[in-house]
Amino acid sequence: MKNPPLHRYATRPGLYFTDDGGADAVVRSETADHIWLCVYEPIDRPSAFYNEAVRLFKGSPVPWTQEVRLFPVCSRIIESLYVRETLFAMSGPNYGLWYVHLPKAWDGMRYAYRVDGPWNPTHDVRFNPYKILLDPYGKGIDGNMKLDPAAFSYACDIDNGIVHGQPDGEMSTLDSLGSMPVSVAIDDRDTNKHEGEPSHPHVPWSKTVIYELHVKGFTANAPWLPQELRGTYAGLAHPATLSYLQTLGVTSIELLPIQAKQDELFLQQRGRHNYWGYSTLGYFSPEPSYATEAAQRSGPRAVRQEVIDMVRALHEAGFEVIMDVVYNHTCEGGIDGPTVCWRGLDELSYYRHQHNNPGRLEDTTGCGNTLDFTNTHVITFAIDSLRYWAKRIGVDGFRFDLAASLARLDGDFTKHHPFLYALRSDMLLGNLKLIMEPWDVGYQGWRTGQFGMPFGEWNDAFRNAVRQFWLTDPVERPGNGETGMQEMATRLCGSADLFATEPGRGAPSSINFISCHDGFTTADLTTYARKHNEDNGEGNNDGSNVNYSVNFGHEGPSDDPIIRRNRERAILNMLGTLLLSLGTPMLQAGDEFGNSQGGNNNAYCQDNDTTWLQWDWIDTQAENRQIHLFESVSQLISIRKSLTLFHTEDFYSRLSQIGLFKQSSRVQWFLPDGTTPVEHDWSNRQSRSFIMRLTSQQSADLLIVVNGDQGDTRFHLPPDSPWQIAWSSSQAEGIEPAPGDTVHMASHAPDVNWMATKPARHALSDVITQAQRATYMSTSAMTPSSQTASPTTDDIAVAAQHTKPERQSAPDDAKTGGTIAASEHNMWTVPEYSITLMRQVGTTAEAM
């Protein structure tokens, strides 16, 4: 009996190092005829496979793509690239898998696959052995695609950067080696690799505040970083960067895609780049361009280690790390795109195809192709990738781009999709934060609220309602708006109309946001009435035309003090609504200080100062609007995190086990005159001013006072206790609500930027850390505002007071929490177009 082999084939795709000094390679292709694993070595070094490989020579009467079939191992020398290619024939398919054992393998080994089979574009079969293919499970990538005819499986030419050819025509016989990236092996067998890792923060959903940022854009201009760390993973992990994030107060950092990316064909033809990264090249490999130059020179292992170190540093500082991932499509695009990996391995299995035209790809992503999540093996591929990032890299959650495409069976969306069940049931992934972008561009692609437990979902209804209420309704449709008290109350309470889909699903499932990477920044929503995407090179035709943005009388930046105050107030109204709403708030990086992208609402290809955050304000000694906005947002986050009333996994009005809404005693509603709303008030879109009372038996009650009307408005607060201001958006204008008939001047803001008041020898992180305690103490010590003289109209630019007719108390209604009569003692005047948080006085309350 023969001795058993020293190695054992893996049963899942990938490259696995074995104890005999070699490696098992496994790749999936259900329809190929031949597959070779190709290893690349420089010519000026001895080959590791000299004794096994038969060399192929030029001038053979048999094409090398035919000759290679004659030997189990053979090699070629490519003089132009100064490289030796050794090709190992793989055995298979065995249930769709192909195998080979390498007698020798090493960390940093560069390799790829070549696949041969039929060429039948009519049925979308496009095998081409002249094209090298990345390992779909490869942990490292070296090189980039060159815009070259060799990168395409079909015969084509390139003229002035434009590809000319027929994807359904002849097969290309140009070798793509040298024009395409290759995979790099990383030996992960170290049993001590997780030693010294900090514990994961495990922030409860109900206490989560998400902060969406781009690794490069966040620090590319950061003045506190040395030049070599700007725009890198290491720069995000720098102590000063972490200190800034702590001072802001967010809990969970959501990173735009950091998986290896490749520019789409149409961008390469225009000489542009995909900055956002929603064009995935490798699902197991980090994007190398975000690593320091030193790490890039050292290779993929060093790049990956920099990512691991970044995640560990964020964990050590108390932050969760959430990755934005793109499993709906790949970077290969439509059938006219390059052949990088999946197309060459098995296009029929990886991609969805049109039912009536199998030679054409189904596209519900707008990116040319859609991965086929009806194929069990595609689901397995995605789950394996996610587990790798969670277990090996250490991330705490994922946000799924265009997730509706991942949950389509036979073209139709279903919350019972096998992929969603696979995520739920996985012991590792099922306990992470899983966030869905609940739409795609396919038929019936809008699916907000329909994914079910345990998924969070981006809430576009919240985004649109808040923008309309504070921007377009007052400016463009005064007196005839689209969004009234009913809609705002629903969004403030966590959007139960969308997310109370099953017993146990709570308000944190609603990921509330005002802006994100895709669209206007919050500041630009108040600065531009229309998009300005001319620099994208698409004739300003790209990007959404429906933004609910206004410019307050001037398109673009303005020095007019009235316009600037109106804009700053509107920004805080939106951010205040975001952070005072039930649900999970998400901030876009830079919104906390009014960052602008110059009106570009689709800056996906702007890898420059348009998208890189501008930090000039942070080193300016004088008082500036950015520091005022930053401190106001930071204060509001601190208040939210300190209040248990917001730390609920439920809705204020919750769904019963039999599907009926139960009335809640935790929230009460009042109109400005102190009466409770009746049915007419709820259905009246012109009813834009109201009080939301949050009640608690353990702490002080809260009032959220919304004045959505023009003119200062008198509100009769509940008379059972005194109230004091905790936060108000109007304070940005130097005014605040006050008892009586007029508003008051707000507390005097500091006349210097404390972030910039530091000796030159001190790092910014030291100064921010020292200032944090003072900031927290000022946030906590919230006492009733002292009376001051009322400002003039020129000072605060407020309109005449808007008076409302007297009304009688209404009977109790299912939507209300009871009637409380008005009291002159608790009559407060609230500035126009503002949102205010007030706190009950005289009870055992939480410190804020």
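Residues are numbered from 1 along each chain as its sequence is written, and side-chain values use heavy atoms, with hydrogens and water left out. Because the model is predicted, local features need pLDDT of at least 70 and side-chain atom pairs count only at pLDDT 80 or more, while totals for chains, interfaces and linings use all residues.

**Stop one: two helices**

Select residues 561–579, helix H15, and residues 625–642, helix H16. Helices (H or I, at least four residues) and strands (E, at least two) are DSSP runs, numbered from the N terminus. H15 and H16 pack at an angle of about 20°, and their axes lie 10 Å apart. Axes are lines fitted to C-alpha atoms, for helices over the stretch in contact; angles run from 0 to 180 degrees between N-to-C directions. H15 and H16 are therefore roughly parallel to each other (angles under 35 degrees). Their crossing is right-handed: the near helix is turned clockwise from the far one by less than a right angle.

Now show the side chains where they meet. On H15, pick Arg564, Glu568, Ile571, Leu572, Leu575, Gly576, Leu578 and Leu579. On H16, pick Arg625, Leu629, Ser632, Val633, Leu636, Ile637 and Arg640. Contact here means heavy atoms within 4.5 Å. The residues of this contact divide into nine nonpolar, two polar and four charged. Ala, Val, Leu, Ile, Met, Phe, Trp, Tyr, Cys and Pro count as nonpolar, Asp, Glu, Lys and Arg as charged, and the others, Gly among them, as polar.

**Stop two: a bridge between H15 and H16**

Stay here and select Glu568 and Arg625. Their side chains meet in a salt bridge, 3.3 Å from N to O (a side-chain nitrogen of Lys or Arg within 4 Å of a carboxyl oxygen of Asp or Glu). Glu568 in H15 and Arg625 in H16 are 57 residues apart. Arg625 is partly exposed, at 27% relative accessible area. Buried means under 20%, exposed over 50%, partly exposed in between (1.4 Å probe, protein chains only).

**Stop three: other bridges**

By this rule the count comes to 44 salt bridges. Go to Arg688 and Asp473, whose closest N and O atoms are 3.7 Å apart. Arg688 sits in the loop between helix H17 (679–683) and strand S33 (689–694), and Asp473 in helix H11 (residues 460–476), 215 residues apart. Arg688 is buried at 7%. Asp473 is buried at 2%.

Next, select Arg491 and Asp497, bridged at 2.9 Å, N to O. Arg491 is buried, at 4% relative accessibility. Asp497 is partly exposed, at 47%.

Note on methods. Parallel < 35°, antiparallel > 145°, perpendicular 65-115°, else oblique.
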